[in-house]
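Hi,

Here is the structure I promised to pass on.

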Amino acid sequence: MRDSVSSFFTNHHFSVDTADYNLVRPLLADMNAKLGGDTSAWQDMTRTWLLPPERPPRNQSVIVIDAGGTNFRSCLVTFGADGSPVVSDFRKDVMPGVERELSRQAFFDAVADNIGYLKDKADRIGFCFSYSMTITKDGDGIPHSLSKEVKAREVEGVPVGAALRETLAARGWHVGRIALLNDTVAALLAGAASGGRRYSSYVGFILGTGMNGAYIQPALGGESRQIVVCESGKFGAFARSDFDVSLDAKSLHPGEYMLEKCCSGGYLGPLAGEVLRAAAADGLVSASCAASLGRLPDVSLVVVDGFLHAPGDRENAIAACCATADDIAVVHEVLDALVERCAGYAASILAACLVQGGAGTDDPVCILCNGTTFYKTYRLRERIASYLARFASGIRFEFVQKADDITIGTAIAALA
């Protein structure tokens, strides 16, 4: 069985050699090329003009929007006299543009509708907009493109903060600063505000529906020290398997976000579907299992993860397709290989951020990770830590977790 699985992967150009999962050198080369002005580099390396504040904000309130993936979250964050944040008035809605294509105005009207209940509760808005964008020095954000299957092309190239302020003003709002940031920046800021241990620097990392990293870039080329967002999910200078190529061709944005399509929660389920259909077509499983897999609708990461955790659970759609113990073993092995590769690629992004930040030789670097894919996917978190220890040898780091991290980090950015 093991030989047949190995041949299956080889025939489809999927490497199970863990040395191939180390992308640190090409990622670093691409980072530095983009920082040096090479527009052909894959990663965006977005300057944010932000650093973690020296002291926590006090006696102030902020409206927070967290728009990314499939959910749109909003709330109020109030920092007390001691700097402790309190989150209130939380609400979750569907992300505008997920269900259907929206025009520019329809998109911002939907955002304004979703936060209408917070009118007059604060005059500053922190807007975590988790897509590739340019951050202006006044804190606005101009999206380059929207990933994660959000359909609102007219929003691309639009200053989001200015457009939202205009929409809100038409509804009688009086808004001061609207700060745009990526969820990785929010994670980094939340890590820096966690207090306690002394750290030499900070990294924010997201592995949920999407995937991305941010770190603190030392002063470079006349630019001040600041947080930089990598958009590493856009990196594409690595070997892809037949499964990756097939999934990419079917996606909303073919030819874009190559690394994200190998790792993020929004794509791992469909990628697993590509693998399972190929396994059925190649005779890797029994005829009965192959027939069932052929009829299996698109699977989500939740279903894949459920099978990996409990392959004998017949309530699971993938497990229900398996007719024999060998079927279960084969399917588990091929799906687990996707998680293994994901861990190596994610660790490569983190290692590149650590190396680029130039810290961690004395006090450790604080890495705040966010995302259900990172925390809940079968054995993923510990595999990432193991790969990172190898890929970033000699750099001290520590993973941290903080409740309401993205919310608090976004509020801090609005008060910067």
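Below is what turned up, starting with the aromatic side chains and ending with the pockets. Keep in mind that this is a predicted model.

**Aromatic pairs**

Searching the whole structure gives 17 aromatic pairs. Take Phe-127 and Phe-129: their ring centres are 5.4 Å apart and the planes meet at 80 degrees, so this pair is edge-to-face; the cut-off for that label is over 60 degrees. Phe-127 and Phe-129 are both buried.

Phe-374 and Tyr-375 make another edge-to-face pair, with 4.8 Å from centre to centre and 85 degrees between the planes. What about the burial of these two? Phe-374 has a relative accessibility of 1%, so it counts as buried. Tyr-375 comes out at 24%, and therefore counts as partly exposed. The limit for buried is under 20%.

**Charges over rings**

Two spots to check here. Arg-91 sits over the face of Tyr-117, 3.9 Å from the ring centre. Lys-137 does likewise over the face of Trp-49, at 4.8 Å from the ring centre.

**Pockets**

The largest pocket has a volume of about 1,400 Å³. Its lining is made up of 49 residues, and those nearest the centre are Asn-71, Arg-73, Gly-208, Thr-209 and Thr-372. Which element gives the most to this lining? That would be helix 8 (residues 265-281), which supplies six residues. Sorted by class, the lining of the largest pocket holds 20 polar, 15 charged and 14 nonpolar residues.

The second largest pocket contains about 210 Å³ of space. Of its 16 lining residues, Pro-53, Ala-192, Ala-193, Ser-194 and Gly-195 are the closest to the centre. Helix 5 (residues 183-192) provides the largest share of that lining, with three residues. Here the classes split into eight nonpolar, four polar and four charged residues.

After that, Ala-192 and Ala-193 will take you to the second largest pocket, as they are among the lining residues closest to its centre.

Cheers

How values were computed: Residues are numbered from 1 along each chain as its sequence is written. This is a predicted model: local features need pLDDT of at least 70, side-chain atom pairs count only at pLDDT 80 or more; totals for chains, interfaces and linings use all residues. Side-chain values use heavy atoms; hydrogens and water are left out. Rings of Phe, Tyr and Trp (its six-membered ring) pair if their centres lie within 6.5 Å; planes under 30 degrees apart count as stacked, over 60 as edge-to-face and the rest as tilted. Buried means under 20% relative accessible area, exposed over 50%, partly exposed in between (1.4 Å probe, protein chains only). A charge sits over a ring if NZ of Lys or CZ of Arg is within 6 Å of the ring centre and within 35 degrees of the ring normal. On a 1 Å grid over the protein atoms alone, a cavity is a set of points where a 1.4 Å probe fits but cannot get out, and a pocket is an open set with protein on both sides within 12 Å along at least five of seven lines; lining residues have an atom within 4 Å of a point. Grid points are joined across faces, edges and corners, and a volume is the space filled by probe spheres set on the points. Helices (H or I, at least four residues) and strands (E, at least two) are DSSP runs, numbered from the N terminus. Ala, Val, Leu, Ile, Met, Phe, Trp, Tyr, Cys and Pro count as nonpolar, Asp, Glu, Lys and Arg as charged, and the others, Gly among them, as polar.
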